Every structure is written in structure tokens, then in C-alpha cells.
Amino acid sequence: MTPFDKRTISSAQYKAPLEQYNFSHLRVRSLLALATLLVATLLLLGIVIWQVAENEQSILWKIFPLIAVCFVIITVYASFMLNRMFTMAKKLQYSASSLIESEGVFRTLFEDSATPALIIARGMFVDANSAALNILECHDKSQLIGLSPQRISPHVQPDGKLSSAKIESLLAAALAGKSLLFEWCHRKFDGTDLHVEVLFSPIQLHGHPVLHVTWRDITLHKRLETQFQNIFACSPFGILVFASVDEDLVLENINPAAQRILHLDTAMIGRTVDGNEPHLLDDDILQRLRAIALSGEAWHTDHFRRETVHGTHDYSLHAFALSHKTVALTLYDTTQQHYLTEELEQRLRYEKALSLISHALLVQRLDDPLSEILHILLDAAHAGRVYIFLNFEDPHDGLCTGQTHEACAPEVTPEINNPLLRHIPYSDPMIARWRTELEQGRPILGLTETFPDEEREILEAQGIRSLLVIPLMRGSEWMGFIGFDDVLTQRQWDAISLRLLHTGAELIGAYFERKYSEGKIHNLAFFDPLTKLPNRRLLVDRLQHALASSERHNVFGGLIFIDLDHFKKINDTYGHQTGDLYLQSIAQRLLVTVRKSDTVARMGGDEFVILLEDLHHESSNAVTGAELIAENVLDIIKQPFLLGDNEYAGSASVGVTLFRGFDDGVEELLRRADSAMYRAKGFGRSAIRFYDPAMQAAQDERITMENQLRMAIRNNELRLFYQVQMDSAHRPVGAEALLRWVHPEHGMILPGSFISLAEETGLIVPIGQWVLEEACQQIKLWEATAWGQHLPLAINVSARQFRQSDFVDQLKSVLVRTGANPCCLKLELTETLVINDVSNAIAKMHQLKQIGIGFSMDDFGTGYSSLSYLRQLPLDQLKIDRSFICDMLVKPSDAVIVQTIIAMAKSLELEVIAEGVETEEQRELLSGFGCTLFQGYLFSRPLPLGEFEVLLRHSPW
């Protein structure tokens with residue numbers, strides 16, 4: 001125990017010196033005073049008795065008064081000394097109690113402080129609070145106590161000075177009574193560096209001079225400072241930093257690129273600059289910099305030209321305020337870019353706008369990004385005004401349109417508040433022609449003078465000299481248009497502008513489609529007043545969107561047509577009010593039966609329809625899913641209802657039909673579902689029937705496949721194939737294990753044909769466990785090879801397997817049993833798996849991350865793609881879905897999405913890998929976007945184990 005560890009000193013030990021003083025020193029002094037008084041008294045009495053015995057008339061009687069006075073003086077002195085000693089004892093006791101209390105408060109503040117604090121005595125640490133131990137990654141205080149500061153510091157500090165010599169001088173200065181504030185680099189117990197701001201405060205503790213030390217962690221600040229210095233030094237852009245001092249500009253810093261561009265050296269730093277300074281800036285630029293330093297505004301120009309010793313050069317300048325009275329100027333020599341044509345500049349401008357639009361829609365995900373998007377398009381198109389008109393139905397005028405958003409150039413008067421533009425029927429002669437063109441997906445464009453007379457007169461009255469109108473489509477539905485007006489020039493809209501602005505319109509249409517699916521835009525939605533369910537009109541609208549989605553994603557959807565049996569008897573027996581109550585109860589039960597993505601609608605009377613979306617890619621599995629929901633519907637309708645004072649158990653006839661794409665149309669699908677419902681009524685009611693008898697065969701086929709899959713697990717018919725993952729240098733950096741079913745009759749079956757069935761039946765859990773065992777065993781075997789000892793192997797984990805409560809324990813058990821290196825195992829999870837239970841997923845991922853397992857987000861971009869959860873997940877990698885890779889060469893929107901995903905991954909410091917890379921053109925485009933990891937047929941197909949090992953063992957990579 002050190003004298004500074006007051007936690008181990010009892011209160012009795014603090015009071016011991018005080019008690020010893022009270023009952024030792026005080027006792028001795030009291031006895032001495034009393035003894036003196038007693039001796040004097042005895043002496044006086046002895047003299048008196050002796051004199052009386054000798055002679056009653058002796059001189060004693062004469063001096064007796066003097067003796068009595070002396071006796072009184074001695075007595076008074078003794079009393080005064082005793083009183084003084086008791087007073088001193090009380091003061092000492094009070095002072096000691098105050099000292100104990102103040103040191104107790106110091107101990108509490110020291111220990112409970114969130115600021116790292118330590119005590120240094122005799123040149124070494126003698127105490128530290130929990131915050132200091134935590135920041136040092138020290139789990140036991142005894143590891144730190146007794147160490148000198150240089151023992152937990154690197155040999156040399158960042159300024160190049162030896163840690164030992166520097167700390168000795170600092171300690172000496174602080175112990176001399178001077179508080180010191182300085183920066184220091186310590187070495188944590190885990191071996192990493194810790195940069196702190198240190199405060200040395202000399203104090204007295206138990207009578208000893210010590211140093212009270214506090215730290216402030218500045219590690220991140222130092223890292224960012226280093227990164228900024230590297231960027232400043234390595235940037236290809238010239239960067240100059242000026243300070244405004246008494247209306248003059250003083251050059252504070254200049255990077256190497258600026259020195260090279262302006263032919264300057266560091267001798268200019270610290271000097272006042274003006275327009276006459278050689279190779280620097282003219283008065284106009286300097287005046288702008290002075291204004292920016294005071295106002296904080298930014299300024300940019302691409303047209304700055306000056307004469308240098310090497311001829312005429314053009315520069316792009318950008319100035320912005322770093323702080324009050326400090327401004328930065330970046331400049332880039334654009335002389336070599338003058339050979340670029342106006343067409344290329346225009347393309348780049350539009351592509352930048354599309355990138356910003358994609359960022360606003362996919363990354364920022366603002367509640368209403370349209371205002372920002374329109375300003376982006378306004379700048380890109382160099383238009384005078386950009387606006388959006390959305391269609392709506394009016395009971396009297398039919399289909400109408402109205403302006404909802406607008407962005408204008410400074411010299412153009414806004415029209416957003418013009419009431420005449422909020423309600424324009426398409427029967428109006430002004431835009432009657434527009435409806436025909438826009439409904440067909442054709443734009444309306446040209447000079448105003450070329451438009452029909454009625455249209456030209458109105459456009460010219462508004463000062464519009466040229467016009468471009470592009471239809472906005474939500475899926476396959478025309479929903480309005482976006483317009484671009486030019487009020488300054490007679491502009492001919494070229495093919496590049498038309499194509500890229502059409503892409504911008506598609507992105508806006510996609511935004512409306514997403515908002516519509518989320519329920520935030522439903523201006524066309526209408527509901528049944530009794531049950532509050534969507535009515536036939538909204539059902540038809542949603543079915544059209546479902547058909548578009550089914551066509552786009554090649555997935556089955558379904559319609560369940562429900563007719564309540566004997567509903568007329570309820571109305572006739574209990575009255576229409578009871579019948580209405582029954583319908584409302586049915587609606588509520590249906591809503592809790594279906595999935596969130598499904599729609600329950602009331603067609604009228606006693607008929608309900610359930611729209612099922614995204615059932616499955618395979619018809620057999622789609623049939624199974626639809627039948628399961630239909631059976632649940634029958635079950636909940638058969639459960640007794642309490643209608644007022646009466647209990648009623650109902651039933652229903654249910655017809656089901658499936659769809660995929662636009663082949664059949666909305667009305668035909670409703671007719672088929674209705675026909676299947678009547679077929680169910682014909683079989684005695686309270687039954688389910690599918691429209692197409694062939695679908696019953698598909699259901700039988702599904703049952704057969706389920707039984708065969710169970711046998712496949714028992715008979716070891718499953719195999720793992722391996723597909724290599726490459727970097728930009730065509731070097732293998734990993735592999736993915738892909739499941740195959742070797743059927744004894746049908747041969748090789750790909751997972752797309754049976755995985756969904758396995759998930760629905762629960763067979764995915766034992767299959768996933770088998771994949772995990774096989775992968776870990778293979779990792780262990782590859783450790784003995786030169787090419788495979790550090791090769792990461794990725795496996796897919798299903799949602800059902802991952803959500804098992806003991807999944808983490810099972811995985812750890814497999815790793816222990818096989819001896820596989822966890823660092824070579826990577827789990828690929830889907831966005832849907834994570835988003836359905838974010839907190840549980842994060843907890844499990846962190847547990848596995850602690851033992852070295854990596855994580856990749858599979859099929860990224862097809863799900864929610866929300867930054868709010870990506871920042872929380874301990875991911876290592878994002879895998880771009882193959883659907884974007886396949887079409888990015890022909891669909892600019894897919895390319896923009898891919899580029900955005902790669903940029904977002906870099907901002908989150910995640911690896912990004914593209915799957916489905918099949919051509920060199922795709923790889924080159926991805927490389928240009930910054931993607932460095934690839935997987936696909938361009939490098940290798942999924943191979944059996946033997947062929948895969950031969951590929952890696954004998955390939956030239």
C-alpha cells in the first residue's frame with residue numbers, strides 16, 4: 001500500500017495521530033503542572049509546620065503573605081496552562097477532521113471523474129482512476145503502478161525528442177510548482193499509440209509533493225491532422241491559405257502543387273500580397289478573397305487567365321472561408337483541357353447532376369428531395385425554369401394536372417404560386433395535345449415559335465422561347481411531367497440533353513414509386529368507408545404496380561378472391577347494422593392474417609380481395625405461399641364472431657389465381673380469381689380453389705420436391721462448389737462456397753430451385769449447418785497449402801438459420817470441432833435478414849466479430865440500403881447485386897446506382913465487391929468507379945472442389 005492509496009486506509013488510521021496527541025502529550029503536560037503545584041504546596045506546609053514547632057514568633061509569620069501570593073500565582077498559572085492545552089487539542093482535532101473530509105472528497109472526485117486522472121510521485125505512477133485505465137487498455141491497476149511515464153511511451157516523441165529526457169524536464173518543472181499543459185504520445189497496453197493533451201498540476205498529498213495528472217484523448221485529432229497534412233501536400237490542386245490582417249492579405253501556407261503552378265516558393269509564406277506580386281493574383285481576385293474572409297461566403301470561377309513565364313494559362317479557382325478572417329483558395333490548371341469539346345463538358349455536367357440526384361435519393365433519403373433535385377437539374381440544363389406537374393382526377397373536369405414543384409434562375413419570375421397552374425384539365429386546348437404525346441412516353445420539345453397557335457400564344461405571353469417537357473412515369477403509369485423552360489435563348493434541345501434529362505425524369509419517377517409504395521404519396525388512393533380498406537379503384541391501381549414489379553423482377557404474385565358464405569342470411573336475420581359489424585370484423589381479421597406487403601381490399605357487398613406480391617420466382621413455391629395464406633383466411637373466418645349479443649361462426653369460398661407480368665391484365669386477373677371463387681362455391685362452399693388446374697399439379701410437385709430434399713440431406717446429395725474472388729490485379733483474394741444438389745435422376749439442381757422451399761419448410765437449418773461444417777473443414781484443410789492457408793471463404797447464411805437462438809454457439813462449436821481459423825470464414829447476410837431484427841442481428845454479429853469472423857452484405861442495393869443501420873453493423877464488405885452489374889453498360893441509372901454504392905462503401909470504410917462480372921467491359925467500368933474486388937464468370941464459374949484447387953494451384957495468378 002502506498003501512502004497515496006487512501007482507499008485502503010481506514011478512518012481509524014487517519015484519527016490515530018490525533019488520539020495519540022490527546023491522550024499522551026496532553027496527559028504528560030497535565031501531570032507535570034499538577035506535580036509542580038503539589039510540590040509547592042507540600043514545601044510551603046513543611047516550612048510552616050517546622051517554624052511553628054521552633055518558634056511561634058518566627059519570621060515565617062512575617063513572610064507568610066508573600067508565600068500565599070506565590071501559591072496563588074502558581075495555581076493560576078497551572079490552570080491557564082491546562083486550559084490552553086485543552087484549547088489546542090480541540091483545534092487540532094477540528095483541523096484533522098477537516099483534512100480527512102477534504103481528502104475524502106478529493107478521492108471521490110478522482111475516482112469518479114470521467115476524465116483520465118493519475119498521480120505521479122517520485123517520477124512514477126502511484127495511482128490512476130478507471131478512466132485512465134480504460135484509455136490505456138489496462139485491465140489491472142497493478143500493471144501501471146510503479147511505472148514511470150516513459151515506460152508507457154514510445155522511445156521517441158512525434159517531435160523527435162527522446163521520451164525519457166523530455167519527461168524528466170517536464171516533471172522537474174512541474175514539481176517546482178509550475179502547472180504545465182503539453183501534448184504527449186503514450187503507448188497503450190495493447191501496443192497502439194495514444195495521443196493525449198496532458199495537464200501537470202503540483203499538489204501536496206499527505207505532506208508529500210506529488211503531481212495530479214489529467215489527460216484528454218486527442219488521438220483522432222492527430223490522425224485527422226495527419227490526413228489533412230497529407231492531403232494538403234499531395235493534392236494535385238494548388239491550395240493557398242490567406243489571413244486577413246488590417247484589410248491586407250497575408251499568405252499563411254501554400255502547398256507544393258500551388259508552388260509548382262504559380263512558380264513560388266515557401267519564402268512567400270508570412271508576406272503580405274497584393275496585385276503587383278509576381279506570379280500571384282490580381283487585385284480583383286484579392287479583393288474577392290478579402291470579402292470572403294469577412295463574409296464566410298464561397299466563390300468559384302472556371303475562367304481565370306493569366307500570363308506566366310511559360311505562356312498563357314487558364315485556371316479554375318474556388319475560394320471559401322476556413323474561419324473568420326481566414327480564406328482558402330484552390331486552383332487547378334485547366335490549360336490542357338481546352339481540347340475537350342462542348343459535348344463532353346455537357347455530358348459531364350449532366351452525369352454529375354444525375355450522380356447528385358442519386359445521392360439525394362439513395363444516400364440522403366430526404367423526406368422531400370424534389371426541390372434540391374430541381375435545382376440540380378436547373379444548373380445542369382442551364383434552363384430558366386424547371387417544374388413538375390402531377391396528374392389527378394377531378395370529379396367534374398376528369399383528368400387534370402397541376403404544378404407542385406419549381407426551381408427558377410435568378411432572372412426568372414417564379415410561377416409556383418400562380419393559382420391558374422394548380423388545376424389545368426387536360427381537356428384545355430393548351431395541353432390537349434400534350435396528353436396524347438405524354439401518355440405514349442414521348443417528350444414535347446422545340447422552339448416556341450414552332451408550336452401550334454393556341455399553345456404558342458400562351459407560351460410567348462409567359463416569355464418562354466423554347467421548351468422541353470418529359471413525361472414522368474411511375475412504373476408503367478403516366479403520372480405527370482417535368483418541364484424545362486428557356487426564357488433567354490432560342491435553344492434547340494440536343495440528343496444528349498434529351499437522353500440524360502429523360503434519365504433524370506426516370507429517377508424522379510422511381511422516387512415517386514418508392515414514396516407511393518411506402519404509403520407517403522397516395523393522392524390517387526380511395527378507401528371503403530365501412531371497413532376502411534382499399535376499394536376496387538385503389539386495388540386496381542395497386543395491382544397495376546404489382547404487375548409492373550412482377551414483370552421487372554420476374555416474380556409471381558397472386559389474387560385471393562373471398563366471398564362470405566350466407567351473408568344475406570345475416571342481414572335478413574340480424575339486420576343490416578349487424579351485417580356491417582360482421583364485415584368490419586372480417587376486415588380486421590384479414591388485415592392481421594396477411595403480410596405487410598399485401599393489400600386487403602373490399603370489392604363491394606360481401607366480397608374481399610387480397611393482393612399478394614412477391615410470392616416467389618418459382619410457380620410451385622408461389623402456389624404454396626398463396627394456398628397457405630388462403631387457408632389462414634378460411635381459419636380466421638370460421639372462428640366465432642360476437643355480433644352484438646349473438647355469436648356467429650361464418651365461412652367463405654375462396655378463389656386464387658397467380659400472375660407474373662402484364663400478360664393477362666388487371667380485369668382478366670380479377671375475372672379469373674372470381675371464377676375460381678365460384679368454383680369453390682360449387683364444391684360446397686368453405687373451400688379453396690385455384691383458377692388453373694395446372695397449379696394444383698405444381699403444388700403436388702412442390703410436395704414431391706420437399707420429400708426428395710429431405711432424402712437428399714440424408715443421402716448426402718448436397719455438394720459445395722467454389723467460385724474465386726479476384727482483385728484488380730487478377731489475384732485471388734477469396735472464394736465463395738455455393739450450394740448444389742446432385743439429384744440422382746435430374747442431375748445438377750441450382751439453389752434457386754430449392755432454397756426457398758427449404759426456407760419455408762425449415763430444412764434450411766440442417767442444410768445451413770451442413771454447409772457450415774463443410775466450409776470449416778475445407779478451411780482447415782487449406783491451411784496446409786501455400787495458396788490456401790490464408791484464403792477467406794464466404795458462405796451464405798439464411799435468415800431462418802441466423803435467427804436461431806443458439807446460432808452463435810453452434811458456429812463456435814463447429815470452429816472448435818474442425819480447428820478452422822475464424823479469420824478465414826466470412827458470412828454473407830442479406831439486407832432483409834438484418835433489417836427485420838436489427839438489434840438482435842447486431843448483437844450476434846458483434847459476438848462473432850470478436851472471434852475474427854468477417855461479414856459481407858450480400859445482394860446490396862436490392863433491399864433498404866439505409867445508412868442508419870449500415871453505420872451500426874460491424875460489416876467488412878458490401879457485395880453489389882448482380883442485377884445492377886448486368887445492365888449498367890446499357891442503363892445509365894444502374895451505373896449511377898453502382899457508382900453511388902461504391903462511394904458510400906468507401907465513406908463507411910468498407911470493402912466493396914461486385915458479383916456477376918462476366919465481361920472485361922464491366923470490370924473496366926467498375927474499376928473506373930473505384931471497385932477493386934470482383935466475382936463472376938469473367939474469372940471462373942463455380943467449380944467442384946477438385947477443379948477449384950487445381951485452378952488455384954496451377955494458375956499463373
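Contact here means heavy atoms within 4.5 Å. Among contacts between residues at least 6 apart in sequence, 58% join residues at least 24 apart. This is a predicted model: local features need pLDDT of at least 70, side-chain atom pairs count only at pLDDT 80 or more, and totals for chains, interfaces and linings use all residues. Residues are numbered from 1 along each chain as its sequence is written, and side-chain values use heavy atoms, with hydrogens and water left out.

**Overview. The whole protein in numbers.**
The secondary structure comes to 30 helices and 33 strands. Helices (H or I, at least four residues) and strands (E, at least two) are DSSP runs, numbered from the N terminus. Of the 957 residues, 47% count as buried. Buried means under 20% relative accessible area, exposed means over 50%, and partly exposed lies in between (1.4 Å probe, protein chains only). The accessible surface comes to about 48400 Å². Carbon and sulfur atoms account for 54% of that surface. Accessible areas come from the Shrake-Rupley method with a 1.4 Å probe; for residues, only the protein chains shown count as cover.

**View 1**
Two strands pair if DSSP finds at least two bridges between them. Strand 16 (residues 466–474) and strand 17 (residues 477–486) pair over nine bridges. In this pairing, Leu-467 stands opposite Asp-485 of strand 17.

**View 1. Glu-477 and Arg-474 form a salt bridge.**
The closest N and O atoms of this pair are 3.0 Å apart. A salt bridge is a side-chain nitrogen of Lys or Arg within 4 Å of a carboxyl oxygen of Asp or Glu. Glu-477 counts as buried, at 18% relative accessibility. Arg-474 is buried too, at 2%. The structure holds 34 salt bridges.

**View 2. Strand 19 and strand 20 make a hairpin.**
Five of the six residues of strand 19 (residues 599–604) are buried, so this strand is largely enclosed by the rest of the structure. Five bridges join strand 19 to strand 20 (residues 607–616), and the two run antiparallel. Thr-599 stands opposite Leu-611 in strand 20. Two residues lie between the strands. Gly-605 takes a positive phi near 60° in this hairpin.

**View 3. Ser-549 sits in helix 14 (residues 536–553).**
Ser-549 is buried, with a relative accessible area of 13%. Leave aside its neighbours within four places in sequence, and Ser-549 is in contact with Asn-554, Val-555 and Asp-614.

Glu-668 is partly exposed, with a relative accessible area of 24%.

**View 4. A salt bridge joins the side chains of Glu-828 and Lys-879.**
The N to O distance is 2.6 Å. The pair links distant parts of the chain, 51 residues apart. Glu-828 lies in strand 29 (residues 825–830), and Lys-879 lies in strand 31 (residues 877–880). Both Glu-828 and Lys-879 are buried.

**View 5. Asp-563, Asp-565, Lys-681 and Arg-685 belong to one network.**
Salt bridges that share partners join these four residues.

**View 6. Val-742, Met-748 and Leu-750 form a nonpolar surface patch.**
Together the three residues have about 250 Å² of accessible area. Patches are made of residues with over 30% relative accessible area and no salt bridge; like charges are joined within 9 Å, and nonpolar side chains (Val, Leu, Ile, Met, Phe, Trp, Tyr) within 5 Å. Val-742 lies in strand 26 (residues 732–743). Its relative accessible area is 32%, so Val-742 is partly exposed.

**View 7. Cys-138 and Cys-931 are buried.**
Relative accessibility is 4% for Cys-138. The value for Cys-931 is 1%. A disulfide is a covalent bond between the sulfur atoms of two cysteines. The rule used here asks for a pair of cysteine sulfur atoms within 2.5 Å. By this rule the count comes to zero disulfides.
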